[in-house]
Amino acid sequence: MRRTTAAALAGAVLLVVLLPRPGEGQNYTAPRTASGQPDLNGFWQALNTAHWDLEAHDAAGGPILQLGAAYAVPPGLGVVVGGPIPYKPEALAMKKKYAANALKEDGEIKCYLPGVPRMMYMPYPVQIVQSNEYILMMSEFATAQRTINMMTNTRPPADTWMGWSNGHWEGETLVIDSRGFFGSTIGALDPEGAIEVRFLDRAGNYHTDGLHVVERIRRTGPDHLSYEATIEDPNVYTRPWTISMPLYRRVEPNMQLGEFKCEEFVSDLVYGKYQKGSGQ
Amino acid sequence: MRYRLVLMAAGLVLSSLSLAAQERPAAQGASYRAPRTPDGVPDLQGFWTNLTYTPFERPRELASKPFYTEQEAVDFFNRSIAGSQDQIVHYVNGDFGATPVQTGARPNRRTSLVIDPADGRIPPLTPEAQKLQQALLAADKARGPLAQTWRDDRGTVWCVFHDRAVPAIVAPYGSNYHIVQSKDWIVMTYEWNSERRLIALDGRPHAPASFRTYAGDARGHWEGDTLVVETTNFTPKRIFLGQPGTPPAVSASPALTLVERFTRTADDTLVHTYTVTDAATWTRPWTVELPMHRIGGPMLEYACNENNQDGFAQLKNARLEEAGKLAPLEQMRRGDAKAAIAEHEEKGAATVIGVDGKDESK
């Protein structure tokens, strides 16, 4: 008898834990800022393997034999809605080439600004600071920063690494339209620093300067955001495609961004052959 | 091209500017009430510049004269503009500000940005700090004139952190800020190297002493209409000063504390004062007052590392020069700006634009 009660109690507790809390999910109404907008302020981070590969993938060895298991690729179900990325056939061939040459081609290795949407699912926290006119999204990685224009809707004045973003609210959802991305450094730098395309992850998935991203971000609970990005680049894909994932609040007390000024960790690699001594 | 070279005739336009628009010292702006954010605190948001012709330290001959008269201030300002014409080309100021006058500098009655000590000059170093500074200078000298690694030119090539960002040392150009406020944070993004300062307003303590950063750990609170920011936890990798117009670079102790005050004294003016205290480095604290003037946005990303052609050029050329395959660079030509403008216009090689960035050649 006592055992049955305990089991029932345990079952009930489990049920409560597993069920969404009342009001959470797509029907959740976010707390408001003082000016009445859904409050996205805080520190957010992805908890998945999109950083390694947006598509579903098995575990795999890392790029440097000596780093063994520590830098091997963790497996993941993928974040691309409805299957693989719709590459044009020639672009898929290029993706495989870039993936094989990732040590040179991946901007992350050179500490280059990661762009959009890549910044949002790297394994570094993103701080959102929200005002009426601007929403700042700031990654710990490389001091990367996005400035979302909420009061104006203008064309990019110039191409940039993080793009030009205009945002607006559709009810509970922040919709951000971003264009004006650099697609490469070709012609701009020494070959040692050059990259031909912009990687979206470590697996060689890539875009060019034809990139156009539309993101939809909304609160689905006190500590969760729903993050969706529709990615369009006629140079590379046959049609727009979408990634979808939750972002989780970093709930530890007094959370703050550190500095990951990674240029410091990579410049000896990039400039190495022109240097004399280590300088340290 | 985005980085087309143009010639500027900005100073001629501004020489008639009167002191009426000049910032007032904070105390005199007491009747002004700053607009409020939706959270009810003073609104410091927007785009600001602290570019100025006022020297960081006071010239010794003005040791006992902290303020110019209004006429002297205008004369000094106009002389400075004339002096800044002594160069051939600038970048278009729609991309980034090339000289103070192009991005909204105004006459300042102060004769130096350092306002304490009373002589307007940075106080002497302690004996220990002098030794550290001598070591820095000796290491610099030992490297010789040619760059050896990417670490050698901390002024413009070094993209890790721009030392002018914190505490604010006015740069020759690009000393522009974008301020955004939420309830619990104020973010100040500095144009050069896109350095950002994240200032927590929620009353939290400073990060642990072992958590060290280039920009420091900033905590802010409101004292009336003034934002007070205390910044600590600077990394020992930081150097301080060492910019043109300031005393030579010095490393500081882990105890260095920066206390800043930001007060909006007019719709278009934010007065920024800061005090640096580090008893192990300077024999007494020192204070700087920087007027910040409202400018138009947007402010684009700097992307220093991504576009660092200087880094490659300096190092490659240094190795070539060592190998005798490259002659030392010719001195850059400087001289009469008006003659240079005329010469470039004749060749169709330049566009003259006005102070507001409009292309006046069309």
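This is a predicted model: local features need pLDDT of at least 70, side-chain atom pairs count only at pLDDT 80 or more; totals for chains, interfaces and linings use all residues.
**Entry 1: the chains**

I began with the totals. Chain A has 280 residues, and 37% of them are buried. I found five helices and 11 strands in chain A. Of the contacts in chain A with a separation of 6 or more, 58% join residues 24 or more positions apart. Chain B has 362 residues, with 39% buried. Its secondary structure comes to five helices and 13 strands. For chain B, the share of such contacts between residues 24 or more positions apart is 67%.

**Entry 2: the barrel in chain A**

I traced the strand pairing in chain A next. Nine strands form a closed barrel, in the order β1-β2-β3-β4-β5-β6-β9-β10-β11, and the pairing is mixed. From one strand to the next the twist averages 30°. I then looked at one pair in chain A. Strand β6 (residues 173-179) runs antiparallel to strand β9 (residues 212-221), with five bridges between them. Within that pair, D177(A) has V214(A) as its bridge partner.

**Entry 3: the cores**

Which residues have the most contacts inside the largest nonpolar core? I listed I128(A), L136(A) and M245(A) from chain A, and W185(B), I186(B), V187(B) and I199(B) from chain B. This core has 105 residues. Domain 1 (1-31 + 67-109 + 334-362) and domain 2 (34-62 + 113-329) of chain B both contribute residues, so the core lies between them.

A second core is separate and has 14 residues, among them W150(B), V157(B), L315(B) and A318(B).

I went back to I199(B) for its contacts. Leaving out residues up to four places away in sequence, I199(B) touches W185(B), I186(B), A218(B), G220(B) and V229(B).

**Entry 4: where A meets B**

I counted the contact between the chains. Chain B gives 42 residues and chain A gives 42 residues. On the chain B side, the elements giving two or more residues are β5, β6 (185-190), β7 (195-200) and α4 (309-322). The largest share of that side comes from α4(B), with six residues.

**Entry 5: Q181(B)**

I picked Q181(B), in strand β5 (residues 176-181) of chain B. Is Q181(B) buried or exposed? It counts as buried, because 25 C-beta neighbours lie inside 10 Å and the cut-off is 20 or more. Beyond four places in sequence, Q181(B) touches S131(A) in chain A, and T37(B), L44(B), Q45(B) and I186(B) in chain B. I checked L44(B) further. It is 137 residues from Q181(B) in sequence, yet the C-alpha atoms are 7.7 Å apart.

**Entry 6: a helix check**

I tested helix α3 (residues 127-143) of chain B. At 1.5 Å a residue, its 17 residues should span 24 Å, and the end C-alpha atoms are 25 Å apart, which agrees. G144(B) follows α3(B) and has a positive phi, near 80°.

**Entry 7: backbone exceptions**

Most residues other than glycine have a negative phi, and most peptide bonds are trans. I searched for exceptions.

- D116(B) and P117(B) are joined by a cis peptide bond, with omega about 5°. P117(B) sits in the loop between β4 (114-116) and α3 of chain B.
- G297(B) and P298(B) are also joined by a cis peptide bond, with omega about -5°. P298(B) sits in the loop between β12 (286-295) and α4 of chain B.
- A142(A) is not a glycine, yet its phi is positive, about 55°. It lies in the loop between β3 (134-139) and β4 (145-149) of chain A.
- L241(B) has a positive phi near 60°. Its place is the loop between β9 (226-232) and β10 (257-266) of chain B. L241(B) is buried, with 20 other C-beta atoms within 10 Å.

Note on methods:
Residues are numbered from 1 along each chain as its sequence is written. Chains are lettered from A and ligands numbered from 1 in the order in which they are written. A nonpolar core is a set of buried Ala, Val, Leu, Ile, Met, Phe, Trp, Tyr and Cys residues joined through C-beta atoms within 7 Å. A residue is buried if 20 or more other C-beta atoms lie within 10 Å of its own, exposed if 12 or fewer, and partly exposed in between; C-beta atoms are placed from the backbone. Domain bounds come from an automatic or database domain assignment. Two residues are in contact if their C-beta atoms, placed from the backbone, lie within 7 Å. Helices (H or I, at least four residues) and strands (E, at least two) are DSSP runs, numbered from the N terminus. Two strands pair if DSSP finds at least two bridges between them. Axes are lines fitted to C-alpha atoms, for helices over the stretch in contact, and angles run from 0 to 180 degrees between N-to-C directions. The expected span of a helix is 1.5 Å times one less than its number of residues.
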